[in-house]
Amino acid sequence: MTKAEIPLKTERLHTVAPYIGKMRPEIAGWAIETVSKPGDLVYDPFCGSGTVLLEAWLKGRDAVGTDLNPYACLISRAKLNPYMPHDVDNVHEKLDYYATLVAKIKPTVTLDEIPEWVREFYNPETLVDLLAWVKVLKSCNDDFGLACLLSLAHHQRPGFLSYPSSHTVPYLRTKKFPPSEFPELYEYRPVLPRLEKKILRVYNSLPSLDFSLSRNIYQQSASSIETERKVDAIITSPPYMGQLDYARDNRLRLYLMGVENWSALNKEISPSATRFVEEFSACLNSWRKNLRHGGKLAIFVGTTTNTTKKTT
Ligand SMILES: C[S@@+](CC[C@H](N)C(=O)[O-])C[C@H]1O[C@@H](n2cnc3c(N)ncnc32)[C@H](O)[C@@H]1O
């Protein structure tokens with residue numbers, strides 16, 4: 001497909017939360033239309049932030065995805081289960097209810113056991129607020145609310161919750177924004193107004209959605225799924241042969257989700273080229289069992305060049 005052939009419009013739901021290595025929604029949409037038809041079941045085994053799955057849903061397909069990264073699964077679930085449309089009052093009521101729960105548990109939240117590398121991103125009062133909101137949204141199983149909240153976890157703009165830092169991958173930007181020159185960027189930032197704004201921004205632009213279509217995300221390996229119904233098309237972009245670190249680069253958001261050891265997870269989901277090839281052949285065996293006779297498989301891979309110079 002040439003650049004001129006790629007349609008330009010994408011849904012705001014795709015931007016619920018950042019994720020590295022995301023596929024362009026237009027490309028996912030094009031692949032879905034090319035290899036499947038409405039009513040088909042589309043499977044993305046390495047679903048990441050759910051770009052393929054959301055496009056599949058928008059185009060009238062049933063969707064199923066797997067990923068080993070809990071943060072990826074959360075974003076995918078959020079995209080495929082947004083709040084039901086056309087009831088803004090309900091959104092306000094929901095947030096008011098959560099706010100009462102947050103107020104109740106906040107006095108019990110302490111920062112004593114929070115690692116320094118997490119604490120250094122936040123004004124302490126903001127962090128307590130953030131941890132309490134995470135706890136409440138988790139206990140209410142509100143994936144859409146939690147993904148919206150985690151999308152605000154770090155950035156340098158005032159609508160976000162951290163001290164000035166980069167957006168997708170968490171790095172503090174204290175050199176560019178020294179606290180002595182920008183004290184306002186280091187003050188307490190209440191969660192509720194920011195979260196409400198974020199949710200309504202996505203919610204108010206929801207496209208027309210068919211909630212009767214099936215949308216399932218499983219936190220499990222791409223080689224281990226057994227679908228009840230045969231899959232009509234598998235569309236996926238596998239991890240880039242150790243080029244992207246899906247756990248390291250999402251470590252702050254993963255920590256907020258309860259994953260303390262991002263480095264162990266990174267070994268699993270950002271495999272070396274050799275491990276990836278082994279894993280991929282297991283995937284092909286498993287996919288063959290789940291794909292219907294005549295079903296299609298579309299794999300998107302990037303090219304990378306290792307520019308590290310070898311010393312002799
Ligand atoms: C290139 S990304 C997919 C990006 C996705 N297409 C999107 O638009 O967000 C590859 C994904 O594979 C996941 N992954 C790596 N190894 C896996 C495995 N064995 N099983 C399932 N998912 C895995 C990573 O967590 C990562 O989210």
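Predicted model: local features only at pLDDT ≥ 70, side-chain atom pairs only at ≥ 80, totals over all residues.

**The ligand and its surroundings**

Tutor: Start with Tyr19: an N or O atom in its side chain is 2.6 Å from an oxygen atom of the ligand. That is a polar contact, a pair of N or O atoms within 3.5 Å; within protein, one must be able to donate a hydrogen and the other to accept it, and residues adjacent in sequence count only if both atoms are side-chain atoms.

Student: What about Ser49 and the ligand?
Tutor: An N or O atom in the Ser49 side chain is 2.6 Å from a ligand oxygen atom. Met23 uses its backbone instead: an N or O atom there lies 2.8 Å from an oxygen atom of the ligand.

Student: How much of the ligand does the protein bury?
Tutor: The protein buries 99% of the 600 Å² that the ligand exposes when taken alone. Such areas come from the Shrake-Rupley method with a 1.4 Å probe; for residues, only the protein chains shown count as cover.

Student: Which residues come nearest to the ligand?
Tutor: Tyr19, Met23, Ser49, Thr51 and Asp67, out of 23 around it. "Around" means a heavy atom within 4 Å.

Student: What classes make up that shell?
Tutor: It has 12 nonpolar, 8 polar and 3 charged residues. Ala, Val, Leu, Ile, Met, Phe, Trp, Tyr, Cys and Pro count as nonpolar, Asp, Glu, Lys and Arg as charged, and the others, Gly among them, as polar.

Student: New topic. Where does Asp249 lie?
Tutor: In the loop between strand 4 (231-236) and helix 9 (251-256). Helices (H or I, at least four residues) and strands (E, at least two) are DSSP runs, numbered from the N terminus.

Student: Buried or exposed, that Asp249?
Tutor: Asp249 is buried, because its relative accessible area is 7%. Buried means under 20%, exposed over 50%, partly exposed in between (1.4 Å probe, protein chains only). Its side chain also makes a polar contact with that of Arg248, at 2.8 Å.

Student: And Lys267, buried or exposed?
Tutor: Lys267 is exposed, at 59%. It lies in helix 10 (residues 262-269).

Definitions and conventions:
Residues numbered from 1 in each chain as written. Heavy atoms only, no water.
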